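Thanks for coming, everyone. Let me put the model up, and then we'll go through it one piece at a time.

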Amino acid sequence: MTELSKCRNIGIFAHVDAGKTTTTERILKLTGMIHKIGEVHDGAATTDFMEQEQERGITIQSAATTCFWNDHRFNIIDTPGHVDFTIEVYRSLKVLDGGIGVFCGSGGVEPQSETNWRYANDSKVSRVIYVNKLDRIGADFFRVVDQVENVLGADPLVMVLPIGTESDFIGVVDLLTRKAWTWDDSGDPLNYEISDVPADMADKVEEYREKLIEKAIEMDDEVMEKYLEGEEPDIDTIKKCIRKGTIDMTFFPTYCGSSFKNKGVQLVLDAVVDFLPDPTEVNPQPEIDLEGNETGEFAIVDPERPFRALAFKITEDKYGSLTFTRIYSGKINKGENVLNTFTGKTERIGRIVRMQAEDREEVDTAEAGDIVAFLGLKNTQTGHTLCDPDNPATLEPMVFPDPVISMAIAVNDKAAAEKLSIALGKMVKEDPSFRVETDEESGETILKGMGELHLDIKVDIIKRTYGIATEVGKPQVAYRERITQLLNDSYTHKKQSGGSGQFGKIDYTLEPAEPGEGFSFESKVVGGNVPKEYWPAIEKGFKNSIEKGVLAGYPLVDLKVTLNDGAFHAVDSSAVAFETAAKAGYRQSIPKASPEILEPIMRVDVYIQEEKMGDVIGDLNRRRGIIHSQDPTPNGIHIKGEVPLSEMFGYIGDLRTITSGRGQFSMEFSHYAPTPRNISEQVIAEAAERNAKK
């Protein structure tokens, strides 16, 4: 086993098309894991092995791979950049210790870069920055550094300076060693020379080196005192300071290069070794109880402690189900049993494999700090904790966003229906942001996801990977409902049908909660008019009812229910009677509390050529969009705004038409907002029409 100090669990993440997968290919080549570099645009990248990835030239699911550099083992996860698949980034960052944030030298800090950076901050993942594609027209390393500072609010620590720009980019100057690394045009990453700094860069190198040292030594008071007295620290001391600041996320070492042209990647690999943390240097995972409260115990990264691991990804392939797992403490051997604390059941580890993208290496044992895949687990899903059956504990689970778009899917015969059911079951296990529901009234199968592309890929997988011919309906928006006024009301449930009857009276207040607060229940009953044992039944009655609003049948959100008083009967009252009273009270009261329809609003980023700006903004305005900013980019204009999801179906086709195929856009969910009256009436009418057909 590699000792923990020489292990790095890292992710590579960025905006779509910034060059993450190409960078991963170069890393695999340099570390000797592949001998021929596969290109994304040829559909031959090692980590993009799905047909859908190869055709579209994008990464859809995160891929894990292991490689070695300077006697250190890297467990690398290449994550998607497209906004519909950010769930892959989120769950990967959750189990990683460090990351490489890749930015495009011309595109700079793009929308998905911001989202991924936010996720990495939330997960407290240390990062180095790599500004890629410096050979591109419009590339500007220093502009991207400014954007990292101003847009992301991060502190980039410039470690190298580019030699040349755009087509003249030939290499970088390492500021610490004052050495120039230059590559020839053969395309071989190993064909480089290390020489002295070009004379015309000497002053700039000294200026940036001084800034680097001054920022780094702030991490060590003793070193800083000596520096102020005129004693410059040696390189090892500076590196120690940089390592401390990187792990603390005080600053982010920043490099540059061109992965496609094989220039600059070696220095990034050295930075992973020098500055990103090993598994023992990050804050240990807190353990929680069954209610989700922290117990005060931690999963310390130590092979000698009880086994603790988090399943962060499930995939199906020709060999069966693979459960990707981050081991936090203890060790595990193949053939041993582990406890899944979510299901309460033990499972046997059939085999343990290290992944090399699609290929695998079988191992007999794995231990704290490892990222491996288990074969043979039947009931484990993403976010479940696996642990020692004799020392149970639960790690903090993952929280996934609710889907904002749905689509009906149907097959023609019973045999296909059975195949579809099995396929969907596997796909839901693989992707927690993908949901499948059956409409109880119509019997329709409903797919739910994070965007049009997300569902499009899922339908494509059903058709090609599983060979099932399907028919799909139009995408539907996931609307919500909420009340807008406080209401005091009362309901009495009374039923007599021979023998003991049913009786339950409740006096209650319904009021809108703050957006995002969800459902809450409180009882202010004193004096025993409604005995305490019936309160949970009343809460359950209201809570189950909010799954269906009264206007169009969409879930009701952000509701606070307060039980003020009521009455019970010594013989006829029961939990069932009070639950029924709550359900009937909900149906009676919600229409009186001025309910309204809410629609998902998307954060939209559009990139276009400047001369098309008026047409594009006019089109967004027609879609009820609100424009927040229009910023110049090296290649045109970047428009930021918010647009209702219902108005964005088919937008990519319209944008391409307006911009002669040159426009690009991305969008992600922002928040829910009330719909205008005419839209509400339309949504309610459509819901009524659907119900009539059922």
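Is Thr-445 buried or exposed? Thr-445 counts as buried, because its relative accessibility is 19%. Buried means under 20% relative accessible area, exposed over 50%, and partly exposed in between, with a 1.4 Å probe and protein chains only.

A word on the source. This is a predicted model, where local features need pLDDT of at least 70, side-chain atom pairs count only at pLDDT 80 or more, and totals for chains, interfaces and linings use all residues. Residues are numbered from 1 along each chain as its sequence is written, and side-chain values use heavy atoms, leaving out hydrogens and water.

Back to Thr-445. It sits in strand β27, residues 445-449. Strands (E, at least two residues) and helices (H or I, at least four) are DSSP runs, numbered from the N terminus. Leaving aside residues up to four places away in sequence, Thr-445 touches Met-407, Ala-408, Ile-409, Leu-424, Val-436 and Glu-437. Contact means heavy atoms within 4.5 Å.

Leu-424 turns up again in a helix pair. In α10, Leu-420, Leu-424 and Met-427 meet Lys-458, Ile-461 and Ile-462 of α11. By class, that contact has five nonpolar, no polar and one charged residues. Nonpolar is Ala, Val, Leu, Ile, Met, Phe, Trp, Tyr, Cys and Pro; charged is Asp, Glu, Lys and Arg; the others, Gly among them, are polar.

How do the axes of α10 and α11 run, and at what angle do they cross? They come within 11 Å and cross at roughly 130 degrees.

Technical notes:
Axes are lines fitted to C-alpha atoms, for helices over the stretch in contact, and angles run from 0 to 180 degrees between N-to-C directions.
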